[in-house]
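Please keep the viewer open as you read.

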Amino acid sequence: MTLNPSADVVTCELRGKVLLVTLDHPPVNALCADVRRGLLAAIEAAQADPDVHAVLIVGAGRNFIAGADIREFGKPPVSPLLPDVCNRIEGCTKPVVAAIHGAALGGGLEVALAAHYRLAVDGAKLGLPEVQLGLLPGAGGTQRTPRLIGAQAALDLILSGRHASAKEALALGLVDRLGSSDDILAEGLAYVHELLANHAPVRRTRDAAALADRAANLAAVAAARAETAKKSRGLFSPLKIVDAVEAAIEQPFDEGLRLERKLFLECLDSPQRAGLIHAFFAEREVLKAPETREAKPRALNSIGVIGGGTMGAGIALAVLDAGLPVTMIERDDDSLARGRAHIDKVYDGLIAKGRMSAEKKADIMTRWSGSTSYDALADADLVIEAVFEDIAVKQAVFAELDRVCKAGAVLATNTSYLDIDAIASSISRPADVIGLHFFSPANIMKLLEVVVPKQVSADVVATAFDLARKLRKTPVRAGVCDGFIGNRILAVYRAAADAMMEDGASPYQIDAAVRAFGFPMGPFQVVDLAGGDIGWAARKRRAPTRNAAARYVQIADRLCERGWFGQKTGRGFYLYAQGSRSGAPDPEVDSIIDAERERAGIAPRTFTDEEIMRRYMAAMINEGANVVHERIALRPLDVDVTFLYGYGFPRYRGGPMKYADTVGLPVILADIREFAKQDPLFWQASPLLIELVERGADFASLNQSA
Ligand code: 3HC
Ligand code: NAI
């Protein structure tokens, strides 16, 4: 019997005395309105049919249910609401059993908790990840979970959003039974038959007793509240979660549900929810670059890395961590030994912390080999060059690769700024050359800019995306320009920060304002961390081609001239006590800034934190618009993902372009025009921004089009 012929997403079939209810809504059985309707109708049908003695709910495909349909959030609600469906399931007077395989997340787990008995098989993932979307479990999860497993375990699950395995779920008491095979239907039916044979009663989670020890559960809530207030850094939903779980202890079930609903709607209305859900979809959209649809990736069984410095060693670690073999090439034996030592240091650190065994390291290192001869790369499927940032050095390396690598090998450069088209066209196989721009530390940072030069073939781009998947990185497709997506935009908002510093804001105030916005660090802390010498070298390289009329703030150069390169030299914009990684404001830096203001003839003025952020974000957004306009980024969401994964942009704001939409593009444009009165050369509104404002459109409208 199909209850919803129009959608066919929930089907019912009588198997003896058991009504088998199957959710079949690919790809992940999200609980869209049709599914909710079908599920409700199935329970009503089971209730009404005397031949039905019990109900079994299963998911078709790879998952039970991945949760509410995230695409519906922000749109007007459609009945039946999920909390009502869950209440109806729980209220059924015939036993309802959920058989879980794959994901039972968010609303999916809430459906299972509303059932009377739960079974899970190996590979199941149970969790309440709503917090990661700026929400809280809104279909009874905050009320049923603590009643079933106690406040502490419930808070741990809901505040972390983590997934529990079937085994852990059994230990926690989230499920009653582990299936022994992965045939979910057979396992589920066997369990229901057993329950029926034993005359198992209807057993409602709302009546479960894990909150009986009121004092202990309230203590867990108090501890979680204190911890969350400290840790949740500007996030809106975590403290609401604590309030809702507290209500599960303090109030009757229906009252608790009412509070949960109220808090859920508050979260749903928050810009944080919109930002986090934008991030969820954007990080999936970036994977679908056009070339990945057009071409199949080449094989990737062995990787070469040239250079064992900061980046080469980090990339080698990322490759080793992905289970692939890597060959490292260096200039001489000493440099190779240093490259190897970088890798040892990271793994030895893990061993010291008890996070890796010596045997595991030894096993991993069997996949590492090093050489000072390029001939060792003859069999490599893909080679990533990470030598000095100098086009002549890189072209010499590529000439060697052209000589030794097998036909079809992908030849990649990790350059930060150099012209990859010029590198590609210097060898005989430009179609195999691509940019793979990792971020430091490359074994940790998730972003990988896949830089696509003019002559590259589509299957090389597809291979780069496949490599990113294997390395568990988030790839963003970028075009060739100075700095690609991220560093190009960075240069512009850094210039805006420098100008504010010269005009009167201290670097410490700017950093504090940027942190208060949600970044983990301010721009001057970042300089100190990365090393002031890196930017200094880039500025010197660009000096001959810099527009002489453009404002150039020299403060950073004054620090570098003194050898103050940041953390590694103990001094930069901040002063670092011996070995310390957190810096203190430095009065001498203040004096240098004062002297520079005087030299430039600037009378310092005060800035509010709000003005600092308006200028900082306007600069970032405007250059983001330019990058999209020039097709360096395919869509605004590619800029957003770049900043979320490579530059510490607060995820709950969705990324700079999403943030611009939230503020309103006319506001951003008006700011830019206002700032232009002071420096018209720097503050030139992007043609794309102007066009969107004229059309009354936003960046989101461009996210579908690539
Ligand atoms: N709603 C709508 N679409 C969803 C979805 C959801 N809950 N979960 C996944 N999708 C979509 C993805 O966007 C993707 O679409 P695409 O193919 O068009 O890009 C597709 O399903 C497949 O997703 P993945 O690529 O992520 O597939 P994986 O197999 O890698 O992962 C998963 C599967 C573990 C289920 C993962 O998708 C996931 O974690 N989903 C989100 C789970 C979640 O957050 N649930 C809570 C929702 S909020 C809620 O339930 C509120 C309630 O309390 C009221
Ligand atoms: P590094 O100076 O730490 O390492 C460069 C290494 O390359 C040295 O070990 C050197 O011995 C080796 N090398 C130089 N010429 C060689 C050759 N011909 N053959 C073999 N090895 C050679 O530099 P780092 O920081 O690792 O940067 C490398 C590249 O990565 C540069 O292009 C840089 O722009 C880029 N990059 C750097 C980032 C960073 O944060 N450091 C971030 C992203 C990219």
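The notes below go from model confidence to backbone geometry, helices, salt bridges, cysteines and surface.

## Ground rules and confidence

This is a predicted model, in which local features need pLDDT of at least 70, side-chain atom pairs count only at pLDDT 80 or more, and totals for chains, interfaces and linings use all residues. Residues are numbered from 1 along each chain as its sequence is written, chains are lettered from A and ligands numbered from 1 in the order in which they are written, and side-chain values use heavy atoms, with hydrogens and water left out.

The pLDDT, which is the predictor's confidence in each residue on a scale from 0 to 100, has a mean of 96 over the protein, and 99% of the residues reach 70 or more. Residues 1-6 are a stretch to treat separately: their pLDDT is below 50, and beyond near neighbours in sequence the stretch has 13 contacts in the model. A contact here means heavy atoms within 4.5 Å.

## Backbone details

Two cis peptide bonds can be found in loops. One joins Pro26 and Pro27, with omega about 5°, and Pro27 sits in the loop between strand S2 (18-23) and helix H1 (33-48). Another joins Ser79 and Pro80, with omega about -5°; Pro80 belongs to the loop between strand S3 (54-59) and helix H2 (82-91). The element names follow DSSP runs numbered from the N terminus, with helices (H or I) of at least four residues and strands (E) of at least two.

Positive phi values in residues other than glycine are also worth a look. Arg472 has a phi near 55° and lies in the loop between helix H18 (458-470) and strand S17 (474-479). Phe484 also has a phi near 55°, and its place is in the loop between S17 and helix H19 (486-503). Is each of these side by side with solvent or covered? Arg472 counts as exposed at 55% relative accessibility, whereas Phe484 counts as buried at 0%.

Helix H20 covers residues 507-517, and its buried residues are Pro507, Tyr508, Ile510, Asp511, Ala513, Val514 and Phe517. An α-helix has 3.6 residues a turn, so residues three or four places apart point the same way. After H20 comes Gly518, with a positive phi near 130°.

Elsewhere, Ser270 occupies the loop between helix H10 (253-268) and helix H11 (271-285). Ser270 is buried, with a relative accessible area of 8%. Ser237 is 33 residues away from Ser270 in sequence, while their C-alpha atoms are 9.2 Å apart in space.

## Salt bridges

How many salt bridges does the structure hold? There are 57, where a salt bridge is a side-chain nitrogen of Lys or Arg within 4 Å of a carboxyl oxygen of Asp or Glu. One of them pairs Arg162 with Glu168 at 2.8 Å, N to O. Arg162 is partly exposed at 28% relative accessibility, and Glu168 is partly exposed at 26%.

Within helix H16 (residues 391-404), Glu400 and Arg403 are 3 residues apart, about one turn of the helix. Their side chains form a salt bridge whose closest N and O atoms are 3.0 Å apart. Glu400 is partly exposed at 26% relative accessibility, whereas Arg403 is exposed at 52%.

Arg605 and Glu611 form another salt bridge, with the closest N and O atoms 3.0 Å apart. Arg605 counts as partly exposed at 33% relative accessibility, while Glu611 is buried at 18%. Salt bridges that share partners also join Glu285, Lys288, Arg635 and Asp638 into one network.

## Cysteines

With a disulfide taken as a pair of cysteine sulfur atoms within 2.5 Å, the count comes to 0 disulfides. Cys32 is buried, with a relative accessible area of 10%, and Cys560 counts as buried at 4%.

Leu529 lies in helix H21 (residues 523-530). Leu529 is partly exposed, with a relative accessible area of 40%.

Notes:
Buried < 20%, exposed > 50% of the residue type's maximum accessible area, 1.4 Å probe, protein only.
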